[in-house]
Amino acid sequence: MTKKKATEAPPKAPAKTDPRERLRRVLFLVPYAVRHPGIPVKELARKCGVSEAELLEDLDFLMGVGCPPFAPDDFLDLYVEGEKVYVALHQRFSRPPRFTESEAAALGAAAQALGGDGVSRVLETLRNCVPPDRRRSFDELVGRIYAGSPPVRDSVLGRLQRAIALRREVRLRYYTASRSVEGDRTVRPYTLAQRFGHWYLYGYDLAREKPLPFRLDRIRECSVSEARFEPPGEAQLSLARLFSEREPIRIRLGPRAAAWALSRPGVTLIERTPGRGSLVEVAGADEDWATRFALSFGGEAEVVGPPSARRHFVDGIRRSLAHYL
Amino acid sequence: MQKAERLLDLAAFLLRASEPVSWREIQEQFPSDYGGSEEAAVRKFERDKAELLELGIPVRFVSQDDDAGSGYLIDRDEFYLPNLELAPEDLALLYLAGSVALAQGAFPYARDLVHALNKLSFAARAAGASETAALAARHLSRGEESGAANGAAVKASTLEELSVGVTAKKRVHLVYEGAERGEKTERDVDPYGLYQSGGSWFLVGHCHLRGALRTFHLGRIAEAKVNTAAPRTPDFTVPRGFELREFATREPWEYTVHAPVRCTVRFDGPIAPEVRTSFGRRAVLREEAGSLWVELEATNAEALMRHVLSLGERAQIVAPRELREKAKSILALLLRRCG
């Protein structure tokens, strides 16, 4: 029997997406839909990182997939009913394939950059989830990406990761830079985030009664308590990276410094004057960070606004200069 | 039949088979795909097999004593993603590291990372960690979209292109804007690895223009194009003994610009922990009468001076004298300009 569509053929949509990406996506989509019968189209699309229209195109594509001898029951059969996706026949695509070496290596490189007690364990597990033939390439590839040095001792991170996973409060020995003192904080650890190249714990500070970011490299000690907390809501987590709601800080940079600054995450170009440099804006930064950032370009950058940030910058220079006089 | 469809059909066919399937039978079941001359059909099938493997689907040839039993199969144990037996904190490590990496907006193999996190959610459920991380990742990536207009999207696609070159060991053609003179040069580079330092990504590789190992700042790569000829044949081998870590953990003042110079930096008053670690593993730190003294060797003293300036008002360069004078004149100039 030659292959034909199991049901009426949908009109062929132009394949806008890369066919390889589509294959990778459907190899996840089918088993995921098998595991979650009646999953809403919208949710499945979001999970697969595509629009609803693209997901429906994927489902159409899958209608034509099957195995010889291509009898009606030899085809994949996924259908939508009342905006929900069901799988009638999965043709053994009931679990996703193992990690490819680049998937496992990307995840492994990210884990190595964060650090923690479990790094070697997770690397070993990732390796075992790559097809045996590809494990050597995985080993090699892991050594070809270095996403950064861990921000704090493995033991401290290990405990934080445990507390985030189990939703337990932590007690931190923390250095507060604005007051130059080390003190104890009790925090409900929500998640970790990165801002301007630094790692932070984002969590609810019990004494201050609000969620705050804590730089990981300023945490000296961490202990996990028995006290549990309710998981944070979406709205709460959405603030994890927006550390300051103050007005963005503006910095003027010389041409050479501008190129470097703009390659950093979070720096936005406002205006470029040929030969004279650029004006950039940084949202969510505090004044102290902005002063240090500008000074890291030697004499080629200055904080121009808002006025309080400018004052902070000028005062900082004045005090630094005093050491040299 | 379209290739994507054929590959899935073939995978479904081999997954269903309980015995190895002979080449003859595969040809019979896919007559329009593996028809034509035998040589062309075999090569097409080999390409398909390679593509399936790149998707994580290993097709194996099993040879039996009698030819009748020999053939191709997909070993289900080798195919299906197993359950990940990891403790909650280890899963949290994977979820948090993966989602934060994605939220950065530019990470090598970013697309692979998305697939990896999806597969992880299938193979291991950690109530707290996975949901928290997934939620955070969604919000974080939304937050980064504003940055996309600012060249971050370009950076992400460059990084993706370079990642392909690193994995497949294919040469890349770069248009690069030099840091000092700002002129654009074109060159071929054998990409050995990618590293991140201070929030920026760098490529390390053998530069054919300079005939030596070079580091390239991603923000200065205007264009990157992987050699598309013979995609499954490597263009180079990475030399034995090459350690990406050595490049990645090099401090900016350790880049070779001039002969080594002994430098001394002094801090007064309370010092944040990250300041101590910011000088790297090779610096010698000692405390004396309430001050912290840092001794190190620099081959790019200018970079050290910038670092010290960025550490704020408690830091000062003590030696060498010329560097101290330079820091002083920069601060004085800035004050005149701003004051």
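## A pairing between the chains

In this predicted model, Ile145(A) stands opposite Leu194(B), a residue of strand E4 of chain B.

## The contact between chain A and chain B

How many residues does each chain give to the contact? Chain A gives 103 residues and chain B gives 104 residues. On the side of chain A that touches chain B, the largest share comes from helix H4 of chain A, residues 101-114, with 10 residues. Sorted by class, this side of chain A holds 52 nonpolar, 28 polar and 23 charged residues.

## Domains

Both chains have a domain assignment. Chain A is split into domain 1 (19-89), domain 2 (101-142), domain 3 (154-237) and domain 4 (249-322). In chain A, the C-alpha centres of domain 1 and domain 3 are 40 Å apart.

For chain B the assignment gives domain 1 (3-79), domain 2 (88-157), domain 3 (169-250) and domain 4 (253-338).

## Chain B as a whole

Chain B contains 11 helices and 11 strands. Of its 339 residues, 40% are buried. If one takes the contacts in chain B between residues at least 6 apart in sequence, 62% of them join residues at least 24 apart.

## A four-stranded sheet in chain B

Four strands of chain B form an open sheet in the order E9-E10-E8-E11, and their pairing is antiparallel. Strand E9 (284-288) and strand E11 (315-319) of chain B are the edges, each pairing on one side only. From one strand to the next, the twist averages 25 degrees.

Two helices of chain B meet these strands. Helix H10 of chain B, residues 301-310, packs on the sheet and touches strand E8 (261-268), E10 and E11 of chain B. The direction of H10 of chain B makes about 5 degrees with that of E8(B). Helix H11 of chain B, residues 321-338, lies across E8 and E11 of chain B, at about 145 degrees to E11(B).

E9(B) pairs with strand E10 of chain B, residues 291-298, through five bridges in the antiparallel sense. Arg286(B) has Trp293(B) in E10(B) as its bridge partner, and Glu288(B) stands opposite Ser291(B) in E10(B). The hairpin of E9(B) and E10(B) has two residues between the strands, and in this hairpin Ala289(B) takes a positive phi near 45 degrees.

How many of the five residues of E9(B) are buried? The count is zero, and the strand E9(B) is hardly covered.

## Confidence in chain A

The mean pLDDT of chain A is 86, with 92% of the residues of chain A at 70 or more. Where in chain A is confidence lowest, and where is it highest? The lowest value belongs to helix H8 of chain A, residues 234-237, with a mean of 73, and the highest to helix H5 of chain A, residues 119-128, at 95.

Residues 4-16 of chain A have pLDDT below 50, and this stretch has 11 contacts in the model beyond near neighbours in sequence.

Technical notes:
Residues numbered from 1 in each chain as written. Chains lettered and ligands numbered in written order. Predicted model: local features only at pLDDT ≥ 70, side-chain atom pairs only at ≥ 80, totals over all residues. Contact = placed C-beta atoms within 7 Å. Nonpolar A, V, L, I, M, F, W, Y, C, P; charged D, E, K, R; others polar. Pairing = 2+ DSSP bridges. Domains from an automatic or database assignment. Axes fitted to C-alpha atoms, helices over the stretch in contact; angles between N-to-C directions. pLDDT = per-residue confidence, 0-100. Buried ≥ 20, exposed ≤ 12 C-beta atoms within 10 Å, placed from the backbone.
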